[in-house]
Amino acid sequence: MRANDMMAIALCDALQAGGISVPGDVAVTGYDGTMQALIHDPPVTTVKGCGQQAGQLAVENLLKQLGTQRSCKPLEPTLMLGGSCGCPVSPEVAVAAVEQSNTITRQQMLTEAYMNANHIVRLSSAADVQALQLRISEIAYLVPNWTEIDVCVCSGWLGKFQQGQSYQLHRYTDRMLLLMGTRVGEYARAGASFPARQILPRFAEPHAPMLVRLTPLHSDQDIYGYCAAAFQHAADCQMDFHYSNWCGAVSNGFRMLRSKLYTDFLQKKMAQYDTHDILTGFYNHKGFLQQLPQHAAQGGIGILLIQCPRAESTEHVFMLANVLRLLHGGGLHARFSDSVFAAAFAGEPKELRETMDLWILRMEQALEDLKRVSPGGEHANVRYAVCVITDLEHAQEQIDDCMLEMTSKTALSPFRSELQDALSDAQRRIYAFPERDWNIDELCRSVGISRGYFQRNYKAQFGISCGEDIIQARMQRAKKLLADTTLTVQEIADQCGYKTPTHFMRQFKERAGISATQYRKKYAKTM
């Protein structure tokens, strides 16, 4: 009866235990060619090469299905005389027995190395991807007799933490990434992504035939990638306990790193919420004060407080937040409370107030544009307060005092004249856009009062008539353009709302006492 080696070994042991001599009373042979049969006492006669025959047949069938016909010399099995059949032990069996004994010794040494390497803990404690790469290469020696080891991972194997920790991959992605590649005698390296159908980056180029063992790296249902280990000799390509354990440790390292990075992500998010307003994403009071020194590097820093008493409404919160992003996108801004926003401006202290005044005008125009877009909706009545900080050590006290003063006025004067607010808005628009063809009758209609009532209240509030204030706004713009630019007088006249240069030059000389050309020569900055 023909049986495999394990059955033959068991039969020999049972016969000898029963007092039956092998091969004196019973001859026994196996049929696998395993090393266990050769080191048995007595060595079991077996047939070696049946596995190679099956492998050759499988390769030929695979090539045939791929459309390639290749004739190979059939592999013939070899009889290994071990003595269990009554024949003398062949010399090659004795040599194989010694080799197997050496193999067992090496496996024992490898087991001790596994126990002492603490590789599972080392991989599980990697702090980032680079540390994991390094530690995988450091424990590659635990895989015996390899010539090359590549660890390839799926694209996005770490997951998208914004979508939660769960990011299961149930198949390999279309593109893979060479996370770690190492060669005998070389340092480990990492590579770029490559198509999954290519299996390994090296396979894109012509190469000699090589023996590579691909092993999936996974944890539960999550697929991380695969390990590709290359060997010079087929006998070294064994899926034994040590290699399985090594791959499992690498997979566990992936799982633990992903879990750690997700935890770090959550902690940073929580820390961010501690310094940020959740609704708008702006800094809160604490975060604003922490960032303030970085924005004050140029000297002084101005703080503009913006209060919208109805900003408890989500609609108004988003409206003001969007206007701030539009006008102050690259700057430092915050939401201090439900109704108070803030923006910081860096620069020379003497220029900060003018900067913030101009910015208020731009914001008023942006809010006015929003009103035109959605005329049917409610709109916030926005108020402003300004403080210039030159001593950062007392910045918090100054901001708090300014904020308290602004909010207190609102609380103590809930019925503050709407007419005063409307006239202030009108003046801010005039100074923001002096080039417009301002019509007092249109301003009166926008405020909702008669021309005479508008004129009396405007002069009472600002100490100047509206028409004269329009001229003052244009003169202010003209002086700045003459001093700061190289625009021609005609271009400046156009940007200040004058239809002809002659009218502009006559009015400028009346108000400034000198001509526009003389003013430029006297006050122009070096360009």
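**Surface, core and salt bridges**

Modeller: Asp391 is found in the loop between β11 (383–389) and α11 (395–412). Helices (H or I, at least four residues) and strands (E, at least two) are DSSP runs, numbered from the N terminus. This is a predicted model, where local features need pLDDT of at least 70 and side-chain atom pairs count only at pLDDT 80 or more, while totals for chains, interfaces and linings use all residues. Residues are numbered from 1 along each chain as its sequence is written, and side-chain values use heavy atoms, with hydrogens and water left out.

Colleague: How does Asp391 count, by relative accessible area?

Modeller: Partly exposed, at 31% for Asp391. Buried means under 20% relative accessible area, exposed over 50%, partly exposed in between (1.4 Å probe, protein chains only).

Colleague: Which residues form the negative surface patch?

Modeller: Asp391, Glu393, Glu397, Asp400 and Asp401. Patches take residues with over 30% relative accessible area and no salt bridge; like charges are joined within 9 Å, nonpolar side chains (Val, Leu, Ile, Met, Phe, Trp, Tyr) within 5 Å.

Colleague: Switching to the inside. Which residues touch the most other members of the largest nonpolar core?

Modeller: Leu132, Ile136, Ile149, Val151, Trp157, Trp246 and Phe254, out of 30 residues in that core. α7 gives the largest share, eight residues. A nonpolar core is a set of buried Ala, Val, Leu, Ile, Met, Phe, Trp, Tyr and Cys residues joined through side-chain atoms within 4.5 Å.

Colleague: How many salt bridges does a search of the whole structure find?

Modeller: The search finds 11. The criterion is a side-chain nitrogen of Lys or Arg within 4 Å of a carboxyl oxygen of Asp or Glu. One of them pairs Glu148 with Arg183 (3.6 Å, N to O). Glu148 lies in strand β3 and Arg183 in strand β4, so the pair ties together parts that are 35 residues apart in sequence.

Colleague: Is Glu148 buried or exposed?

Modeller: Glu148 is buried, at 18% relative accessibility. Arg183 is buried too, at 11%.

Colleague: And what is the N to O value for Arg511 and Glu468?

Modeller: 1.8 Å for that salt bridge. Arg511 sits in helix α17 (residues 501–512) and Glu468 in helix α15 (residues 466–484), 43 residues apart.

Colleague: Backbone next. Where is the cis peptide bond?

Modeller: Between Val22 and Pro23, with omega about 15°. Pro23 is in the loop between α1 (5–17) and α2 (35–38). Also check Ile199, which is not a glycine but has a positive phi of about 70°. Most residues other than glycine have a negative phi, and most peptide bonds are trans.

Conventions:
Accessible areas come from the Shrake-Rupley method with a 1.4 Å probe; for residues, only the protein chains shown count as cover. Lys and Arg count as positive and Asp and Glu as negative; His and the chain ends are not counted. The place of a charge is taken as NZ of Lys, CZ of Arg, CG of Asp or CD of Glu.
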